[in-house]
Amino acid sequence: MKSFIGTLIKRERLKRNYSQEGLCRGICVVSYLSKIEQGKVEAGEDIISALLERLGISCETDRGFLKEAGKRIEELYEKLYAGSLVQEDVAVLQQEYNRYMASEYMLDVMLFIRLFSENEDGTETELAEYIECMSQRQYELYLYSTCEENQERLELLLKLNPNGFYLNVAGVFYWAKGEYVKAVEILNRAYQVSCEEGTAENMLSAQMMLGNCYSSMEQKELMMKHYMIAKRLARALQKTEDLSTITYNIAFTLLEWNQVEEALEYFKECSRRDALYYHKYAICMERLGEKQTAREMLKKGYATEDIEQYPIYGKMYEVVAYRLEHENYLEETEYEVILRECMKQIREQRPKGYEQFHVPYLIEVLEHQRKYKEICSLMKEFPAK
């Protein structure tokens, strides 16, 4: 109990907006309370009881519950490291939330819930208050949950625990930033470590991301090599959604390389039916001169939930729809405005590859306007691989 009691006291004190002086008045000195909250001392039962009573809380003491809680937390860490943790696993914690929060597993519960929380900013601020109280495993989980836009935290995480899962996280991070060479290096490590750990889902994730990297680097042979390895792993794991994603990624890449007819064969094979699928399928039909089919694909895409959930997809659809409805779109100022706004929002919200896909369309506009300096700038930012 005493190993977590200081954290519990601190959390409840902050929750009630009590100062340390106000809480400990008549019980102990402020400096002693500070040490209790930091876990630097194990105070006597009389002091702890007085502090808890003043806060109006108690600790969970049911041994049966604590034993099962400990098993549950270990299972969550195991699933996390294996790359198989899903929201439903964490949702179970909500059933006995108050009891967990009065136990030694309080910080673990807070950290796992944050992974799937929509109100991330608030929980990060709250969790930051307890960094000094965290075990190394908890601190690693904190770094993971807050490193999406923070390279320093990611690098620290890898120093503390370069396991297969966290290496995959780093690979995705650098891929999204467009640092493909570094991503490849990390993802190869992720695959090797995952093989040693026996975490098959991490192996699959690493191979899929390696395929994505080589797609972005325009290296078809290596792209197909890693996607085929990923397909074998996905079949073995019965990951039908991942199989569909791999097929979509190949189709998308071939479309980006203007290998349209080959891309079409993969689109026909793909079972994915979300907004991005219909968006790329529509462009494929547009390039083949099948404008009516392209319009039908956009119509189906507009009916998906993704369009409402991710407004950026609506902007991407708007660009394609404009081309389909305006034969002389290059003459229209409105098209350039729509395209640039779409690319601006993509840069703010999506990995670099999304913006790169739209660059040729902007170059097409600029060539029509003979704005060659801007074309040169774009080509420097998005060089041919």
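## Basis of the description

The model is predicted, and local features need pLDDT of at least 70, side-chain atom pairs count only at pLDDT 80 or more, and totals for chains, interfaces and linings use all residues. Residues are numbered from 1 along each chain as its sequence is written, and side-chain values use heavy atoms, with hydrogens and water left out.

## Helix H5

Helix H5 covers residues 63–82. Helices here are DSSP runs (H or I, at least four residues), as strands are (E, at least two), numbered from the N terminus. The expected span of a helix is 1.5 Å times one less than its number of residues.

At the start of H5, a side-chain oxygen of Asp 62 comes to within 2.9 Å of the backbone nitrogen of Gly 64. Just after the helix, Gly 83 adopts a positive phi of about 75°.

The buried residues of H5 include Phe 65, Leu 66, Ile 73, Leu 76 and Tyr 77. Buried means under 20% relative accessible area, exposed over 50%, and partly exposed in between (1.4 Å probe, protein chains only). The buried residues of H5 pack against helices H6 (87–91), H7 (97–100), H8 (106–115), H10 (136–146), H12 (164–176) and H14 (200–216).

## Salt bridges

Side chains of opposite charge can pair when their charged atoms come close. A salt bridge is a side-chain nitrogen of Lys or Arg within 4 Å of a carboxyl oxygen of Asp or Glu. The whole structure contains 24 salt bridges.

One of them lies in H5, where Lys 71 pairs with Glu 68, with the closest N and O atoms 3.9 Å apart. These two residues are separated by about one helical turn, because they are 3 residues apart in the helix. An α-helix has 3.6 residues a turn, so residues three or four places apart point the same way. Both partners are partly exposed: Lys 71 has a relative accessible area of 44%, and Glu 68 has 47%.

Arg 340 and Glu 336 form another salt bridge, with closest N and O atoms 2.9 Å apart. They are 4 residues apart in helix H22 (residues 333–349), again about one helical turn. Arg 340 is partly exposed at 30%, whereas Glu 336 is buried at 13%. Elsewhere, salt bridges that share partners join Glu 60, Asp 62, Glu 96 and Arg 99 into one network.

Lys 182 forms a salt bridge with Glu 155, the closest N and O atoms being 3.7 Å apart. This pair links distant parts of the chain, 27 residues apart: Lys 182 belongs to helix H13 (residues 180–197) and Glu 155 to helix H11 (residues 151–160). Lys 182 is partly exposed at 32%, as is Glu 155 at 27%.

## Two buried threonines

Thr 247 is part of helix H16 (residues 240–256) and is buried, with a relative accessible area of 5%. Neighbours within four places in sequence aside, Thr 247 is in contact (heavy atoms within 4.5 Å) with Lys 231, Tyr 266, Glu 269 and Cys 270.

Thr 304 occupies the loop between helix H19 (291–302) and helix H20 (305–309). Thr 304 is buried, with a relative accessible area of 15%. Apart from neighbours within four places in sequence, Thr 304 contacts Arg 273, Asp 274, Ala 275 and Tyr 278. Thr 304 and Lys 380 are 76 residues apart in sequence, and their C-alpha atoms are 36 Å apart in space.

Key. Polar contact = N/O pair within 3.5 Å; in protein donor to acceptor, adjacent residues only side chain to side chain.
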